[in-house]
Amino acid sequence: MDPAAAVLLTLALALLFKVLLLRWRAPAAPPCVRGWIPWFGAAFELGKAPLEFIQRARIEYGPVFTVLAAGNRMTFVFDEEGVAAFFTSKQVDFPQAVQKPVQYTASITKENFYKGHNAIHDIMKRRLSVNNLHLYMKNLCEELHEHMTFLGPEGTLDLYDVVRQVMYPAVVNTLFGKEICPTSKTKIKEFKEHFQTFDEGFEHGSQLPDFLLRNWSKSKYWLLKVFEKVVEDAERTRPSDHNSKTLLQHLLDTLKGNSTHNNSMLLLWASQANANPITFWSLAFIISDPSIYKRVMEEICLVFDKKGKNNIELSEADLQALPFSKSCVLEAIRLRAPGAIARKVVQPLKIDNYIVPAGDMLMLSPYWMHRNPKYFSEPEKFQPERWKKANLEKNVFLDGFVAFGGGRYQCPGRWFALMEIHLVVVSILYKFDFVLLDPVPKQSDRHLVGTQQPDGPCRVNYKHRA
């Protein structure tokens, strides 16, 4: 062989060996579900039944895998290393994960979002902390009693409608101020229709531009217009005393004129979107199991009188004396937790033997995490007793419970949410006896964002307790 050719061949083989060695040593990207249509990827399959799709992919590809859908790369993690990275790594970022959905759903520009996001999160965390819950409880109880009277002494309704009719005006009047938002019977009908359209389409609205969702966009802009007036009224009625301000007024103080009506609308959505369905599921699971229903009512009657004639005003001490009903709420949250929560990967991130590239959305599924038998035996069963192992007096949840997220951006309203749901469940059960007319519905299989919704009716007969 020509010496020059031999040298070239040797160099080529050395270069090839080096490339192969680097590939062998360097971690690869996670396995990828690509679908068969360019750009759309697996969007159609994911959109049909996202929870089932995620579980099938986990079984097929393991605890770390990427899904290509509608031009997005979503890398799901299920093992301990992936979960730890999701909540603690500096290579992932929460605000960048939610900026675009916030822009789509509330028309808040990228610049205004980053200007206000951390300050909004921190004021919500402070005002809704465990130490401030007493500021809301008295007013919330009074509002609940007022709106429970509109149900009448007895009737037949879908259980979800019972919850909405009582909980929406009571919570909104507590957080926003009396009738600052439309909550009275004369004003609520049109508002309720638009808000329900906005809420039901929120998941698609957070991902798609307005022109692809005409009816949803119409309701969004109708609500934004209403909230211009809401902000005006809240500013006009602002008290001088710091602790007399509503949560909305504290938010407006923080915003200093930055996208006030947009963020106020998001506050309303955040106060309703997860708490209402969890209250429904808590009541449905309790009422549908005679032994659990009996035990909850025995606990309530030990704290209050046996008949539901009085308007009870629950205190923090009262709620602490009702641990089993709180366990029922937490078990409902566990079973109907969000399908997925997200972080943006801002620098290449090593998880297991894979490198997740910058730009991916790192995804964690509380819904499926809560079905890990390592943490929850018989995970599909509603078992409030499992919460005996949690230290609820110190607000410590069970290992593996991630419904409220974690890290710097853990849900800032989680303690208020637990309090309001527990308080509403106890108040409604104290006031009324219930008989289910339908089986407890299955959850809808069409949602990743937020807590799971019922996929069918759940009618009840209700009657004042004698």
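**The second largest pocket**

Analyst: Let's start with the lining of the second largest pocket, to which helix 8 (159–176), helix 9 (188–200), helix 10 (202–205), helix 13 (260–272) and helix 14 (275–288) each supply at least two residues. Helices (H or I, at least four residues) and strands (E, at least two) are DSSP runs, numbered from the N terminus. This is a predicted model, where local features need pLDDT of at least 70 and side-chain atom pairs count only at pLDDT 80 or more, while totals for chains, interfaces and linings use all residues. Residues are numbered from 1 along each chain as its sequence is written, and side-chain values use heavy atoms, leaving out hydrogens and water.

User: Which helix gives the most to the lining of the second largest pocket?

Analyst: Helix 9 does, with seven residues. The general idea is that rolling a probe the size of a water molecule over the atoms shows where empty space is left. Here a pocket is an open set of points on a 1 Å grid over the protein atoms alone, where a 1.4 Å probe fits, with protein on both sides within 12 Å along at least five of seven lines; lining residues have an atom within 4 Å of a point.

User: What volume does the second largest pocket have, and which residues are the closest to its centre?

Analyst: Its volume is about 720 Å³, counted as the space filled by probe spheres set on the points, which are joined across faces, edges and corners. Of the 34 lining residues, Arg 164, Lys 192, Phe 195, Gln 196 and Asn 276 are the closest to the centre. By type, the lining divides into 13 nonpolar, 13 polar and eight charged residues; Ala, Val, Leu, Ile, Met, Phe, Trp, Tyr, Cys and Pro count as nonpolar, Asp, Glu, Lys and Arg as charged, and the others, Gly among them, as polar.

**Strands and their partners**

User: On to strands. Is strand 2 mostly covered or uncovered?

Analyst: In general, side chains in a regular strand alternate between the two faces of the sheet. Strand 2 (residues 64–69) is mostly covered, with six of its six residues buried (buried means under 20% relative accessible area, exposed over 50%, partly exposed in between, with a 1.4 Å probe and protein chains only). Val 64, Thr 66 and Leu 68 lie on one side and Phe 65, Val 67 and Ala 69 on the other.

User: Which strands pair with strand 2?

Analyst: Strands of a sheet pair through backbone hydrogen bonds, either parallel or antiparallel. The criterion used is that DSSP finds at least two bridges between them. Strand 1 (residues 32–33) runs parallel to strand 2 over two bridges, and Val 33 faces Val 67 there. Strand 3 (residues 72–77) pairs with strand 2 in the antiparallel sense over six bridges, with Ala 69 and Asn 72 as bridge partners. Strands 2 and 3 make a hairpin with two residues between them, and Ala 70 in the turn has a positive phi of about 50 degrees.

User: In what order do the strands of the open sheet come?

Analyst: The order is 5-11-10, with antiparallel pairing. Strand 5 (154–158) and strand 10 (432–436) are the edges, each pairing on one side only. Five bridges join strand 5 to strand 11 (residues 459–464), and Gly 155 stands opposite Tyr 462.

Another antiparallel pairing joins strand 4 (residues 92–93) to strand 6 (residues 341–345) over two bridges, where Asp 93 is opposite Lys 344. Strand 6 also pairs antiparallel with strand 9 (residues 361–364) over four bridges, and Ile 341 is opposite Leu 364.

**Annotated sites and loops**

User: Where is Cys 411 placed, and what does UniProt list it for?

Analyst: Cys 411 is in the loop between helix 18 (366–369) and helix 19 (414–431). The unreviewed UniProt entry lists Cys 411 for "binding site"; such positions follow the numbering used here, feature names are shortened, and annotations may be inferred rather than shown by experiment. Cys 411 counts as partly exposed because its relative accessibility is 29%.

The unreviewed entry also lists Asn 274 for "binding site". Asn 274 sits in the loop between helix 13 and helix 14 and is partly exposed because its relative accessible area is 31%.

User: Which value of phi does Glu 378 have?

Analyst: Glu 378 has a positive phi of about 45 degrees although it is not a glycine. Glu 378 lies in the loop between helix 18 and helix 19, and is partly exposed at 44% relative accessibility. Asn 395, with phi near 60 degrees, is in the loop between helix 18 and helix 19 and is partly exposed at 25%.
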